[in-house]
Structures are given as structure tokens and as C-alpha cells.
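Please find below a colleague's note on the structure shown here.

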Protein chains: 2
Amino acid sequence: MESIVSKVLDKVDIQILDILQKQAHVSNAEIARRVNLSSPAVHTRIKRLENEGYINRQVAILNPEKLGFDLLCFVFISSNIHHAEKLDILEEAFRQMPEVLECHCLTGEYDYLLKVANKDRKDLQSFIRKLNKLGITKIQTSLGLREIKYSNVLPILDEEIE
Amino acid sequence: MESIVSKVLDKVDIQILDILQKQAHVSNAEIARRVNLSSPAVHTRIKRLENEGYINRQVAILNPEKLGFDLLCFVFISSNIHHAEKLDILEEAFRQMPEVLECHCLTGEYDYLLKVANKDRKDLQSFIRKLNKLGITKIQTSLGLREIKYSNVLPILDEEIE
DNA sequence: GCTGAAAGTATAAATTC
DNA sequence: GAATTTATACTTTCAGC
């Protein structure tokens, strides 16, 4: 059975995407060597992959501890709001808050899961206050004690899936 | 009150880090223009920031939906294991699983929070089976219904903190 | 897709502040 | 000590095939 992906992306595209999602700064010449292609061919493919939306963005992952972000929290929110427009406003507020790194709408007991980076307890408190001002009252906050794994790498290589 | 950060990083370093954590592919010349410095000066600073561990890595963020990862899950785990060595083995197993994007040790009801990318229900089931084989029985899985925000950007610019 | 050349970029060296 | 300018190597990008 062929997956949807293989209809538009060939094996080389997948290889290129996998190299880039692990190390974005690898040169086209080096990628070309690894996938047995010329460097202009690799360049053309990367541009195509960007234009077609397979690559969202290229970023540097900073070290949170070295930059003073000692307090990573996971905040579980029940909104109790069921008016679509008000939910839009709430979600836009989450997007605008710089300390909110991630926000997901979830199934289960809580409606939203937020990943929040704060420098200290004072910052965390002011963040919780912001949530309260938005009318959010049912909040459960879990502190991140230790990061076991933090990756952006999607398992797109077939070999990786057992 | 001066923060610990400002003793080793000046304002320009922070500006450079902020540009890179948002767009890693910006050229040194363009960064130089934005921070009013020459491009070799920017280059030297970036190398220093890398060597001193402020920049962990540079990566391309791929589009999970376009690559067939329709099933993002958050898995909450209570290990019931209190033997340090066995926990190490468990955590190493999480690190090795390609579908586990993130794993955090948490305070609260559950010991671990995992962010897991699967293509479909079949993959999710085989993932849950892998957890069971590791001796994990208390699992609560929440499905990610919608991504409201997904960012790596730490709020390191003073202007961003209200 | 390739080769090869042009334009742009990163890095090193020498120099100034 | 950290910046700048100048010089060189490397990379990307655009032709022509």
C-alpha cells in the first residue's frame, strides 16, 4: 500500500527533508553528496519543498536554561466558554502571549494544553493573572521538572518506524 | 536589578539570538544591517554563542499534516517505578522512540508527559503496545484536535515581556 | 537532471580604534 | 578587546545543454 505522501514526494525528497529537519545548516553540496545528486538539483528540490509547504520555517533552537528560563510549565485549561467568537478571542490571546510556546486544543478533561516558558515564580504568577483576566478559572498547572526529550524530528524515514 | 544573562550577553547578542530563533536562514550581512555591526563581527558573535551553548541547533520545521502525521497525541504516564536504574531505562526508551517528539518529567498526577506524532490509529495502537511492553499500565491519552500555536521562540527581548 | 560560470555569503587575515 | 576593512574560499543560483 502506497501512502499519500509518496505520490508527490519521492525517496530523495524525503531524504532531503530528513536532513534539513535534523540540521538546517547543511550545505546543498553536502546534501547532494549524501543523496547522490548535483547541488543545483538539490537546490531546486528544496525550493519546491518550501513553496509547496513541506518546510514551514528554519529556526535556531536556543538553550532555555542558559537564557534564564528555568520554569517550564504545562497549563491545562477548561474554558467553560462555548461561544465560537469568544473562543477565537481566547485563542488569539494565547497566540499573542510570548511566554506561551505551544497551545493545543485537546480531547479529554481539559480543552487546552499550554506549554509556557517563564523565568521565575514572579513571571509565572503574572502569567496566571493574565489567564484569570481572560475569564479562565479552571486551571491546572504542572511544573516541568526535567526535559527527557525535545525534538522537532518527524519520523518520515521508513527505516525509523518499526 | 541586572539579570544573570546580561553579565555575559549584551543587547546585541540577544538581538542576534532573537533573529536566529525566528529565522535561522537570515544572512550575516542582513543581521549586521539590523544590529548596526559589520558582518564579520556578527559572524564572530554567532560562533561564540554556538560554542558557549546558547544555540542548541538549527533545524527546519516540517509541516506534519502535509507529511501525513494527522494524529498528534499527548500521553500522560504514571510509571509506578521508583527504582532509579529502571527509570533511566524507561527514559532512554522514550528518547529512542521516533514517534515521541517530546518527553517531560512533571509534577502532579502523572510522572511523564509525552508528545507523540502518529500517522493513523494503527500507528497509535502499536505505540501504546510498545508502552505496555515497557511495563507502563497507567496511561491517559489526549488527542490533539487543533494546533493553536507551535513556537520555539523564547521571549528574550525585554519589549516582549509586559 | 547535469555542467560550469556568475553572484552572493561566510570566514580568515591584517589593521584600526 | 572588539570592531572594521580587505581578501579569499565557499555556497547558492542561474544559464545553456
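1. The unreviewed UniProt entry lists residues 9-70 of chain A as "domain: HTH asnC-type"; UniProt positions are given in the numbering used here, feature names are shortened, and annotations may be inferred rather than shown by experiment. Over residues 9-70 of chain A, the chain is 53% helix and 13% strand, with the end C-alpha atoms 41 Å apart. Helices (H or I, at least four residues) and strands (E, at least two) are DSSP runs, numbered from the N terminus.

2. The model is predicted: local features need pLDDT of at least 70 and side-chain atom pairs count only at pLDDT 80 or more, whereas totals for chains, interfaces and linings use all residues. Residues are numbered from 1 along each chain as its sequence is written, chains are lettered from A and ligands numbered from 1 in the order in which they are written, and side-chain values use heavy atoms, with hydrogens and water left out.

3. In chain A, helix α2 (residues 11-22) packs against helix α4 (residues 39-51) at an angle of about 80°, the axes being 11 Å apart. Axes are lines fitted to C-alpha atoms, for helices over the stretch in contact, and angles run from 0 to 180 degrees between N-to-C directions. α2(A) and α4(A) are therefore roughly perpendicular to each other (under 35 degrees counts as roughly parallel, over 145 as roughly antiparallel, 65 to 115 as roughly perpendicular and the rest as oblique). From α2(A), the residues A:V12, A:D13, A:I16, A:L17 and A:L20 meet A:V42, A:R45, A:I46, A:R48 and A:L49 of α4(A), contact meaning heavy atoms within 4.5 Å. This contact of α2(A) with α4(A) comprises seven nonpolar, no polar and three charged residues. Here Ala, Val, Leu, Ile, Met, Phe, Trp, Tyr, Cys and Pro count as nonpolar, Asp, Glu, Lys and Arg as charged, and the others, Gly among them, as polar.

4. In chain B, α3(B) and α4(B) pack at an angle of about 100°, with axes 8 Å apart; α3(B) and α4(B) are therefore roughly perpendicular to each other. B:N28, B:A29, B:I31, B:A32 and B:V35 of α3(B) meet B:S39, B:V42, B:H43 and B:I46 of α4(B). The contact of α3(B) with α4(B) holds six nonpolar, three polar and no charged residues.

5. Both chains contribute to the surroundings of DNA strand D, with A:N28, A:K47, B:S38 and B:R45 among the residues near it (near: a heavy atom within 4 Å). Sugar and phosphate account for 70% of the atoms of DNA strand D that come within 4 Å of the protein. Phosphate oxygens of DNA strand D lie 2.7 Å from a polar backbone atom of A:N28, 2.4 Å from a polar side-chain atom of B:S38 and 2.5 Å from a side-chain N or O atom of B:R45. The largest share of this surface, four residues, comes from α4(A).

6. Residues surrounding DNA strand C include A:S38, A:R45, B:N28 and B:H43. Of the atoms of DNA strand C within 4 Å of the protein, 76% belong to sugar or phosphate and the rest to bases. Phosphate oxygens of DNA strand C are 2.3 Å from a polar side-chain atom of A:S38, 2.4 Å from a side-chain N or O atom of A:R45 and 2.4 Å from a polar side-chain atom of B:H43. For DNA strand C, α4(B) gives the largest share of the surface, four residues.

Methods:
Polar contact = N/O pair within 3.5 Å; in protein donor to acceptor, adjacent residues only side chain to side chain.
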